[in-house]
Amino acid sequence: MTTAYLAPISWYQQYHTTLLTGGEVVIDTAEHYVKQTIRNRCTIAMPDGPQHLIIPVEAASSHVAMREIRISEHGNWRHHHWNALRTAYGKSPFFEYYADEFSPFFASRTHDYLIDFNAALHEVVCRLLDITQPVPPSQRRLQPDGTPHPYYQVFAPRLGFLPDLSILDLLFNMGPESILYL
């Protein structure tokens, strides 16, 4: 699998399903960096609709391996991302419950390389989701076609249900029940 910045829910569904079926998930660190992908961007629900949060990287081209992509400190992006997350999810049911887990990633530089930053966030997400615990198929909340049911979203009354946002959307809105939607 490719590395991802606060990956979309579908990425975590694939990850979790692979683990449940006894498969092994390996993040390919030698793959080439591809611009404008989930490697350095995620999508969250803001009051006016979906918004991309993009981690700036230093002079990346498509010929550079992911393990060599350095995070740029250009534009105070950490502060902007955390403010956007607070605006988007500050009133969601589980934001305060999980905020302390994520705020250190945005308070100061924690990693120099994008792949390390993504991996550290992924570890936190997996721990909070308790993703290593198998969820019996009978308890998973899937529709007959295998897609997840819409879940509670703060801005759904205004925007309708927005599918496949960052895993943070599911986590901040559904808390411990998030695993049932994967």
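Analyst: Angles under 35 degrees count as roughly parallel, over 145 as roughly antiparallel, 65 to 115 as roughly perpendicular and the rest as oblique. The model here is predicted: local features need pLDDT of at least 70 and side-chain atom pairs pLDDT 80 or more, while totals for chains, interfaces and linings use all residues. Residues are numbered from 1 along each chain as its sequence is written, and side-chain values use heavy atoms, without hydrogens or water.

User: What does the secondary structure of the protein chain come to?

Analyst: Helices (H or I, at least four residues) and strands (E, at least two) are DSSP runs, numbered from the N terminus. In this protein chain there are six helices and two strands, and along the sequence they follow the pattern α-β-β-α-α-α-α-α. Contact means heavy atoms within 4.5 Å. Of the contacts with a separation of 6 or more, 71% join residues 24 or more positions apart.

User: At what angle do α3 and helix α6 pack?

Analyst: Two packed helices are described by the angle between their axes and the distance between the axes. Axes are lines fitted to C-alpha atoms, for helices over the stretch in contact, and angles run from 0 to 180 degrees between N-to-C directions. For α3 and α6 (residues 167-174), the angle is about 135 degrees and the axes are 8 Å apart. The two helices are therefore oblique to each other. F95, Y98 and F102 of α3 meet L168, L171 and F172 of α6. Ala, Val, Leu, Ile, Met, Phe, Trp, Tyr, Cys and Pro count as nonpolar, Asp, Glu, Lys and Arg as charged, and the others, Gly among them, as polar. On that scheme, the contact of α3 with α6 has six nonpolar, no polar and no charged residues.

User: How do helix α2 and helix α3 pack?

Analyst: Helix α2 (residues 77-89) and helix α3 (residues 95-107) have axes 10 Å apart, at an angle of about 170 degrees. That makes α2 roughly antiparallel to α3. On the α2 side the contact is formed by W77, R78, H79, H81, W82, L85, R86 and Y89, and on the α3 side by F95, A99, F102, S103, F105 and F106. Nine nonpolar, three polar and two charged residues make up the contact of α2 with α3.

User: How many of the residues of α6 are buried, and which residues of α4 are buried?

Analyst: Buried means under 20% relative accessible area, exposed over 50%, partly exposed in between (1.4 Å probe, protein chains only). In the protein chain, 47% of the 182 residues count as buried. Helix α6 is mostly covered, with eight of its eight residues buried; among them are D169 and N173. Just after α6, G175 takes a positive phi of about 60 degrees. In α4, twelve of the 16 residues are buried, so this helix is largely enclosed by the rest of the structure. The buried residues of α4 include L114, F117, N118, L121, H122, V125 and L129. D130 follows α4 and has a positive phi, near 55 degrees.

User: Is W11 buried or exposed, and with which residues is W11 in contact?

Analyst: W11 lies in helix α1 (residues 9-20). Its relative accessibility is 8%, so W11 counts as buried. Leaving aside neighbours within four places in sequence, W11 is in contact with M1, T2, A4, I27, I38 and H122. H122 is itself one of the buried residues of α4. The C-alpha atoms of W11 and D164 are separated by 8.8 Å, although the two residues are 153 residues apart along the chain.
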